[in-house]
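The sequence and structure come first.

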Amino acid sequence: MRRPGDAPVVYEDVVRTSGDVATGPGEVAAVPGGAVEIRPARPDDEEGIRRFLGGLSPRTQTRRFFAGMGRPSASFVRTLLTVDGRRDALLAVHGNLLVGHAMSYRGEEADVEIAVVVGDEWQGMGLGSRLVRTLMRRAEARGARTVGMDVLGDNRTVLAMVRRTWPEATMRVSSGTVEVTARILR
């Protein structure tokens, strides 16, 4: 977590590709102690995602999954890592340590639905925003024009990011969540 007086987080763009879909400028975040790379998930990331999920605080687990979790099942872990014609998954990695996860899948109300989580000690460094931007570039390259997400109503940080990123977004409150739909910005 950044503390007052820490140097600001600096980002530099590099070009990366994944499979047959160009990601555009890739993301490498310079943070104290090294860089965080944003890259597509791979099947061999199963143990890393399992450790990552287990290390999330109950609050962060609830904000991402709307409930706390025990040990994630093998099928759940595979779902989080699936990259195919319907789903995409990105990881933020610091050395061998997974510090963030983002995924999209074909939606019903929007072209893609997204979900993002950043490890507790890595929050507030801009990694969530970088994951979202990279995910949106990849979704747009596959033809998506609209994005949707569900956000817990008390998650002020994410709701503020949504307002900054998509000022024209439609937000509907339903049972303690905010259902967001927006056009993907170029």
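## Helix 5

R156, T157 and R164 are exposed on one side of helix 5, where exposed means over 50% relative accessible area, buried under 20% and partly exposed in between, with a 1.4 Å probe and protein chains only. Helices are DSSP runs of H or I with at least four residues, strands are runs of E with at least two, and both are numbered from the N terminus. The model is predicted: local features need pLDDT of at least 70, side-chain atom pairs count only at pLDDT 80 or more, and totals for chains, interfaces and linings use all residues. Residues are numbered from 1 along each chain as its sequence is written, and side-chain values use heavy atoms, with hydrogens and water left out.

The buried residues of helix 5 are L159, M161 and V162. They lie on the same side of the helix because they cover an arc of only 155° around the axis, the arc being that of the directions from the helix axis to the C-beta atoms. These buried residues pack against helix 4, strand 9, strand 10 (170-174) and strand 11 (177-183), with contact meaning heavy atoms within 4.5 Å.

I49, R50, F52 and L53 are buried in helix 1. Seen down the axis, the buried residues of helix 1 fall within an arc of 165°, so they line one face of the helix. R51, G54 and G55 are exposed on the other side of helix 1. The packing partners of the buried residues of helix 1 are helix 2, helix 3 (74-81), strand 6, strand 7 and strand 8.

In helix 3, the buried residues are V77, L80 and L81. Their arc around the axis is only 95°, which puts them on the same side of helix 3. Helix 1, helix 2, strand 6 and strand 7 are among the elements that cover them.

## Salt bridges

Side chains of opposite charge can pair when their charged atoms come close. A search of the whole structure finds nine salt bridges, each defined as a side-chain nitrogen of Lys or Arg within 4 Å of a carboxyl oxygen of Asp or Glu. One of them joins R138 to D88, with the closest N and O atoms 2.7 Å apart. R138 lies in helix 4 and D88 in strand 6 (residues 87-94), so this pair ties together parts that are 50 residues apart in sequence. R138 is buried, at 0% relative accessible area, and D88 is buried at 2%.

R51 forms a salt bridge with E47, where the closest N and O atoms are 3.9 Å apart. Both residues lie in helix 1 (residues 46-55), four residues apart, about one turn of the helix. R51 is exposed at 52% relative accessibility, while E47 is partly exposed at 42%. A network of salt bridges links E47, R50 and R51. Another salt bridge pairs D44 with R42, at 3.2 Å between the closest N and O atoms. D44 is exposed, with a relative accessible area of 59%, and R42 is partly exposed at 40%.

## M149 in strand 9

M149 is placed in strand 9 and is buried, at 6% relative accessibility. Not counting residues up to four places away in sequence, M149 touches E113, I114, V162, W166, V178, E179 and V180. V162 is also one of the buried residues of helix 5. M149 and S104 are 45 residues apart in sequence, and their C-alpha atoms are 9.5 Å apart in space.

## The largest pocket

The largest pocket has a volume of about 920 Å³. Of its 36 lining residues, the closest to the centre are V116, V117, V118, N155 and V158. On a 1 Å grid over the protein atoms alone, a pocket is an open set of points where a 1.4 Å probe fits, with protein on both sides within 12 Å along at least five of seven lines, and lining residues have an atom within 4 Å of a point. Points are joined across faces, edges and corners, and the volume is the space filled by probe spheres set on them.

Helix 2 (58-65), strand 7 (97-106), strand 8 (112-118), helix 4 (127-141), strand 9 (146-152) and helix 5 (156-165) each supply at least two lining residues. Strand 8 gives the most, with six residues. By class, the lining has 18 nonpolar, ten polar and eight charged residues; Ala, Val, Leu, Ile, Met, Phe, Trp, Tyr, Cys and Pro count as nonpolar, Asp, Glu, Lys and Arg as charged, and the others, Gly among them, as polar.
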